[in-house]
Amino acid sequence: FLKGLWLQRDINDFTAFNPVKFTAQFVADYQAAYQAALLIPTDENLTDIGTQKTEIVAEKMEAARNLYQRKIKYFLEEAFSTKMGILNSFGYDDYQNVRTNVSGMISFLTNLEVRCTQEQTILLAKGIATTFLIDIKTAKNELVMAYTDQQTYFGSQKDMTQTRKAVFETM
């Protein structure tokens, strides 16, 4: 706020230099533009927020991988180890390709949820906990929300930069 006070403090000097441009209205407009500029996040802040959103997506990806590897895969193998066609219909053969790809993991979890629901009776007979099956949908939904939030933010970051530029140009 103090940086904007120099114009008000030195207005007499500015008015003496150019009385047409440096008027009380100019000072008011400048102060308003300055206050608006203070409310705009810096590029560094925008980058930090983007980093935070990326970290959240990475956490959700890690949670999805852990869910599959630690809670689901074992029971799929127990139930269908001699039936590779059925096992692969759960995405068993696709996992390595999607484990680091967000959109691929979302598709994988969607398919996994559908197939586990279809084969729920067999999986429950092999000992899988019902909560593990519910966790698939939860992991998918959380990943979708985090990824959508991240992508929306990155899409709007350019707009925020343009807004900041326009505000500073009015000063």
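1. Lys 53 counts as buried because its relative accessibility is 17%, where buried means under 20% relative accessible area, exposed means over 50%, and partly exposed is in between, with a 1.4 Å probe and protein chains only. Lys 53 belongs to helix α4, which runs over residues 43-80; helices here are DSSP runs of H or I with at least four residues, strands are runs of E with at least two, and both are numbered from the N terminus. Apart from its neighbours within four places in sequence, Lys 53 is in contact with Asp 149, Gln 150 and Tyr 153, contact meaning heavy atoms within 4.5 Å.

2. A word on the basis of these values: this is a predicted model, in which local features need pLDDT of at least 70 and side-chain atom pairs count only at pLDDT 80 or more, whereas totals for chains, interfaces and linings use all residues. Residues are numbered from 1 along each chain as its sequence is written, and side-chain values use heavy atoms, with hydrogens and water left out.

3. Gln 52 is also placed in helix α4, but Gln 52 counts as partly exposed because its relative accessibility is 45%. Along the chain, Gln 52 and Gln 150 are 98 residues apart, while their C-alpha atoms are separated by 9.0 Å.

4. Leaving out residues up to four places away in sequence, Glu 77 touches Leu 87 and Tyr 92. The C-alpha atoms of Glu 77 and Leu 123 are 9.9 Å apart in space, although these residues are 46 apart in sequence.

5. Lys 83 lies in the loop between α4 and α5, the latter being residues 84-89. Its relative accessibility is 47%, so Lys 83 counts as partly exposed. Lys 83 and Gln 69 are 14 residues apart along the chain, and their C-alpha atoms are separated by 19 Å.

6. The largest nonpolar core has 29 residues, and those with the most contacts inside it are Ile 72, Leu 76, Leu 112, Cys 116 and Leu 123; such a core is a set of buried Ala, Val, Leu, Ile, Met, Phe, Trp, Tyr and Cys residues joined through side-chain atoms within 4.5 Å. Helices α4, α6 (95-98), α7 (102-118) and α9 (130-169) each supply at least two residues of this core, and the largest share, ten residues, comes from α4. Leu 76 touches, among others, Tyr 68, Phe 90, Leu 112, Cys 116 and Leu 123, when residues up to four places away in sequence are not counted.

7. How do α4 and α7 pack, and at what angle? The angle is about 35° and their axes are 11 Å apart, the axes being lines fitted to C-alpha atoms, for helices over the stretch in contact, and the angles running from 0 to 180 degrees between N-to-C directions. The crossing of α4 and α7 is left-handed, a term that applies if the near helix is turned anticlockwise from the far one by less than a right angle, with right-handed used if clockwise. Residues of α4 including Val 57, Met 61, Ile 72 and Leu 76 meet residues of α7 including Val 102, Met 105, Leu 112 and Cys 116.

8. The 17 residues of α7 should span 24 Å at 1.5 Å a residue, and its end C-alpha atoms are 24 Å apart, which agrees; the expected span is 1.5 Å times one less than the number of residues. Among the buried residues of α7 are Gly 104, Ile 106, Phe 108, Glu 113 and Arg 115.

9. The 16 residues of helix α3 (residues 24-39) should span 22 Å, and the end C-alpha atoms are 23 Å apart, which agrees. In α3, Val 27, Tyr 30, Gln 31, Ala 33, Tyr 34 and Ala 37 are buried. Seen down the axis of α3, its buried residues fall within an arc of 165°, so they line one face of the helix, the arc being that of the directions from the helix axis to the C-beta atoms. On the other side of α3, Ala 24 and Leu 39 are exposed.

10. Tyr 30 is buried, with a relative accessible area of 13%.
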